[in-house]
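Biologist: I have a structure open and want to learn how to read it. Can we go through it feature by feature?

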Amino acid sequence: MLTFIIVSKPLINKCESAALSFHLPEPFANWFAGNGWQPRSHQLELLARVQAGQSVLLIAPTGAGKTLAGFLPSLVDLVDRPKPKPGAARHGIHTLYISPLKALAVDIKRNLETPVSEMALGVEIETRTGDTPVHRRQRQKLAPPQILLTTPEQVALLIAQKDAARFFDNLETVIFDELHSLVTSKRGHLLALGLARLRTFRPGLKTIGLSATVAEPDELRRWLVKQPPQGEIALSELIHLEGGAKPEITILKSSERIPWAGHSARYAMGEVYEAIKQHQTTLLFVNTRSQAELLFQALWNINEDTLPIALHHGSLDVGQRRQVEEAMSNNQLRAVVATSTLDLGIDWGDVDLVVHVGAPKGASRLAQRIGRSNHRIDEPSRAILVPANRFEVMECQAALDANYLGAQDTPPLREGCLDVLVQHVLGSACSEPFDADELYDEITSSAPYAGLSRQMFDKAVEFVATGGYALKTYDRYAKIRKDDEGKWRLTHPRIAQQYRLNAGTIVEAPMLDVRLTRHRGKGGNVRGGPVLGKIEEAFIESLAPGDTFLFAGKTLRLEGIRENTCYVSNAPDTDAKIPYYAGGKFPLSTYLADKVREMLADPQRWKRLPDQVGEWLKIQKLKSILPKFDQLLIETFPRAERFYMVAYPFEGRLAHQTLGMLLTRRLERARARPLGFVATDYAIAIWGLRDFGLMFERGELSLAELYDEDMLGDDLESWLAESFLLKRTFRQCATISGLIERRHPGKEKSGRQMTVSSDLIYDVLRTHEPDHLLMQATRDDAAHGLLDIRRLGEMLFRIKDRIVHKRLDQISPLAVPIMLEIGKESIGSDAQEALLAEAAEELVEKNK
């Protein structure tokens, strides 16, 4: 046994104590020395702090050895412990490692097993995710490993089992990898409640948070530890490692014309392919599954060298995803096109280039993704940003500048969501009957729910017990009852089975299996082959049999739908009629939006942009106006028997869509006869039958009144009452809370059945109990997510008395990108888009 005193090294610039003692057993010291290494100072400090019983947040650059640092205290402690005698029962779980991604848990297991094997530690390491076979999960309950690598959903299931306290009786440490991505969503809220329950089982539990990109470290430090009552704040210890090689990031300087609009970056495919050829292994990131499919297809079409290129996204079959991951780890691929499924922590050591196609939408997201390249602290990550359109050129430049400054824009933590609280209350009853006072104290010890009032907690318990006032006459919603001892227990054992089938906070769009058809049987019956993955039910329902679309890197023809399966056939020589299907979009971060506005207002910064983008902005300044940083530019102009109003808030698509709905309502009341609107991350365009610009000049319309903050009052309420948006959000909240359940033993509701169920309940509650807990949860979700009302409100406050209007005779250069979006959505004509782009080019050429 070796015992040391360490003093914080200069790289560690945020420590609570300068000198710490730790011990490192001989096998570890010999292993480091045998590989020609020595432990880094932050790894030793983390070891010392955990051995002193402290919880710690470690912030360190990609490649700094965070994973080894996180596991080192557990491995040392397990080696120090006496080994069980042959045939004796094992001690149970010592360390729980929680990852946001199943692929990351699998990768960590593979990487951790190497040093454990080389040191002959004899430590048992296993994964437990949704992909783990049922028989293995059952065996783990009876004979758990010493280190279990898992996901938030599995934690919720484990703490809700009958013998949860016994199962975790030997738990010492919980490691949260990529903590910044775990805590900002409802998954993080459920996980925080799970951590509070684990602390009840094991009061001396130590936690370790690992992260490379953190905007507000104290928020994560608070999340990691038990919060005291009466509004006081407790924080974990902090180790912050700065330094490492600066990344080498460039924006593609294409010889091709940068498109005005679009998201595919097809113009740059030849140059992207050349970059792949010049590097050993390239990861290509995009923001949506649809973009991944299109990019993979475009690269495959020009892959004259038949390079091994793969596709990885969440809708693909798990077997296909694991094959890609295995091939990557064995250096068998030259490139992988991926979405966020591969952007967290996964260590592909031989990746020497990251290509980001499309703007990253956030500085922290870019930092996370480029860290997949040269996953070592002393070697620079290399990345190429490929903007898909001209606005994205500016966004990419802003993201590049932010990376060099070390700026982070991870979203702030929000208070714990009520639908998640309800799910946890039911899960607690599934484990054992609970005392309401004790459960309230436990829940409010978690950071997201530290401010939860007792009144709201009691409403949550009442909801689980009755469904609420409007639903209490229906027995199906009575899931818990108070027993003679004053504790809340399940009304029936089947409730626990239902909980296990439906636990979790990820409510995906209703999905269908995509099954390849091998041939048709007699009578035209479709016979199924292998399953290719899953696809959104709403997308498939919009197609007709015979329509073609891209999926899993193939052009497929829809043959038909039967129950929960979509049957398709290969159509290799056919263009996809529907070139994409729905996938999530990341909103433009507030930080990058501010930086783009700054760039737009500062001509000196245009010199760093490609010439054609700089010329575009110069002509805009000549023909119209470029707004100052704190201004909102409104342009009005006629085109093709319609009149247009284009605004440039730069607040992201979600906030702009909400703004568009509210503006069109106000314009209708003013008899401006609006016909429609379209929104992008950068701008919003509204078109109609009356001349908006003339109405402003005559005083028939007031810009100040049109964009007044009061639109978030009655206008918002009346719009939400009429729209389907709140119903869609309510369905998600009702699913998470367990009010409606998709999965039942031996069967699963279709998306249509779920929608009918939730819509009926929504109408009942809206009429008879508008202050129902789930209605409040729905409004909160809409404000923070789908509608981005908070951000819209901040924008309306920012632009008050700073609106600049320019009435034009023709379209401005800055308006061309969003006008092309209108062309796509309303007309769907390639010819129309080409004509508009050609007119824009002429406008620029004429004024050079």
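Modeller: We will go from the whole chain to a sheet, a helix and a single residue. Keep in mind that this is a predicted model.

Biologist: What does the secondary structure of the chain come to?

Modeller: It comes to 32 helices and 29 strands. The chain has 848 residues, and 57% of them count as buried. Its accessible surface is about 35,700 Å². Carbon and sulfur atoms account for 49% of that surface.

Biologist: How many of the contacts between residues at least 6 apart in sequence join residues at least 24 apart?

Modeller: The share is 72%.

Biologist: Now a sheet. How do I read the strand order?

Modeller: Strands of a sheet pair through backbone hydrogen bonds, either parallel or antiparallel. Here, an open sheet of seven strands runs in the order β5-β6-β4-β7-β8-β3-β9, with parallel pairing. Its edge strands are β5 (125-128) and β9 (237-240), each pairing on one side only. On average, neighbouring strands are turned by 15 degrees against each other, direction ignored.

Biologist: Which residue in β7 is the bridge partner of Tyr 97?

Modeller: Ile 175. Strand β4 (residues 95-98) and strand β7 (residues 173-176) pair in the parallel sense over four bridges.

Biologist: Which strands does helix α3 lie across?

Modeller: Helix α3 (residues 66-80) lies across β3, β4, β6, β7 and β8. Its angle to β8 is about 155 degrees.

Biologist: And why is helix α2 called largely enclosed?

Modeller: Count its buried residues, meaning those under 20% relative accessible area. In α2 (residues 41-51), 10 of the 11 residues are buried, so the rest of the structure largely encloses this helix. Just after α2, Gly 53 has a positive phi of about 85 degrees.

Biologist: Last, one residue. Is Thr 778 buried or exposed?

Modeller: Buried, because its relative accessibility is 1%. Thr 778 sits in helix α29 (residues 773-784).

Biologist: Which backbone oxygen lies 2.7 Å from a polar atom of its side chain?

Modeller: That of Leu 774. An α-helix has 3.6 residues a turn, so residues three or four places apart point the same way.

Biologist: What does Thr 778 contact, leaving aside its neighbours within four places in sequence?

Modeller: Thr 778 is in contact with Leu 726, Thr 729, Phe 730 and Cys 733.

Terms used
Residues are numbered from 1 along each chain as its sequence is written. This is a predicted model: local features need pLDDT of at least 70, side-chain atom pairs count only at pLDDT 80 or more; totals for chains, interfaces and linings use all residues. Side-chain values use heavy atoms; hydrogens and water are left out. Helices (H or I, at least four residues) and strands (E, at least two) are DSSP runs, numbered from the N terminus. Buried means under 20% relative accessible area, exposed over 50%, partly exposed in between (1.4 Å probe, protein chains only). A polar contact is a pair of N or O atoms within 3.5 Å; within protein, one must be able to donate a hydrogen and the other to accept it, and residues adjacent in sequence count only if both atoms are side-chain atoms. Contact means heavy atoms within 4.5 Å. Two strands pair if DSSP finds at least two bridges between them. Axes are lines fitted to C-alpha atoms, for helices over the stretch in contact, and angles run from 0 to 180 degrees between N-to-C directions. Accessible areas come from the Shrake-Rupley method with a 1.4 Å probe; for residues, only the protein chains shown count as cover.
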